[in-house]
Amino acid sequence: MASYAPLTISDSLQVNDLTVGLNISHANVADLSVSLIAPDSTEVELFPTGTGANLTNTVFDDNGPTSIANGTGPYSAIYRPVQGVTGIAIASGGSGYQVN
């Protein structure tokens, strides 16, 4: 079952950088796929699959020191997502971001 966590930005601003933080408790992160959906419905994959358990205070940042693909669970650091997130933020602007 998918759950959505909308992020609403009410001001009209240009987004120059976007960082996504997650806390997901799950025994087998290989069961998960996490993506960010922009207001214009553009979707980027943050975390396609992994090994181990849990995403605890996990941060996705285009400038992260390690690719999430090279990480292992429990994931509790700053990682580069599989696809960049800042590009969709700049392209779509607006409000209503969702994590899927």
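Trainee: In what order do the elements of the protein chain run from the N terminus on?

Mentor: This is a predicted model. The protein chain holds 1 helix and 7 strands. From the N terminus on, the elements run β-β-β-β-β-β-α-β.

Trainee: In which element of the protein chain is confidence lowest?

Mentor: The mean pLDDT of the protein chain is 78, and 71% of its residues reach 70 or more. Where pLDDT is low, the predicted coordinates should not be read in detail. Confidence is highest in β6, at 93, while the lowest mean, 60, belongs to helix α1 (residues 86-92).

Trainee: Which strands are the edge strands of the open sheet?

Mentor: The open sheet is formed by 4 strands with mixed pairing. Their order is β1-β4-β6-β5. An edge strand pairs on one side only, and this holds for β1 (19-24) and β5 (66-67).

Trainee: In which sense do β1 and β4 pair, parallel or antiparallel?

Mentor: Strands of a sheet pair through backbone hydrogen bonds, in one of two senses. In β4, L55 stands opposite I24. Between β1 and strand β4 (residues 55-61) there are 5 bridges, and the sense is antiparallel.

Trainee: The whole structure holds 2 aromatic pairs. What kind of pair do F47 and Y75 form?

Mentor: A pair of aromatic rings is described by the distance of the centres and the angle of the planes. For F47 and Y75 the centres are 5.2 Å apart and the planes stand at 80°. An angle over 60 degrees counts as edge-to-face, so the pair F47 and Y75 is edge-to-face.

Trainee: How many residues apart are F47 and Y75 in the chain?

Mentor: F47 lies in strand β3 (residues 43-47), and Y75 lies in the loop between β5 and β6 (78-80). The pair thus links distant parts of the chain, and the separation is 28 residues.

Trainee: Which residues form one aromatic cluster?

Mentor: Y75 also pairs edge-to-face with Y79, at 5.8 Å centre to centre and 70° between the planes. Both Y75 and Y79 are buried. The cluster consists of F47, Y75 and Y79.

Trainee: Is F47 buried or exposed?

Mentor: Buried means a relative accessible area under 20%. The relative accessible area of F47 is 0%. F47 therefore counts as buried.

Trainee: Which backbone oxygen does the side chain of T58 reach?

Mentor: T58 is in strand β4, and at 0% relative accessibility T58 is buried. Leaving aside residues up to four places away in sequence, T58 touches V20, G21, L22, Y75, S76, A77 and Y79. At 2.5 Å, the side chain of T58 reaches the backbone oxygen of Y75.

Trainee: What percentage of the residues of the protein chain count as buried?

Mentor: In soluble globular proteins, nonpolar side chains tend to be buried together. Y75 has a relative accessibility of 1% and counts as buried. Of the 100 residues of the protein chain, the buried share is 34%.

Methods
Residues numbered from 1 in each chain as written. Heavy atoms only, no water. Pairing = 2+ DSSP bridges. Helix = DSSP H or I, 4+ residues; strand = E, 2+ residues; numbered from the N terminus. Phe/Tyr/Trp six-rings, centres within 6.5 Å; stacked < 30°, edge-to-face > 60°. Buried < 20%, exposed > 50% of the residue type's maximum accessible area, 1.4 Å probe, protein only. pLDDT = per-residue confidence, 0-100. Polar contact = N/O pair within 3.5 Å; in protein donor to acceptor, adjacent residues only side chain to side chain. Contact = heavy atoms within 4.5 Å.
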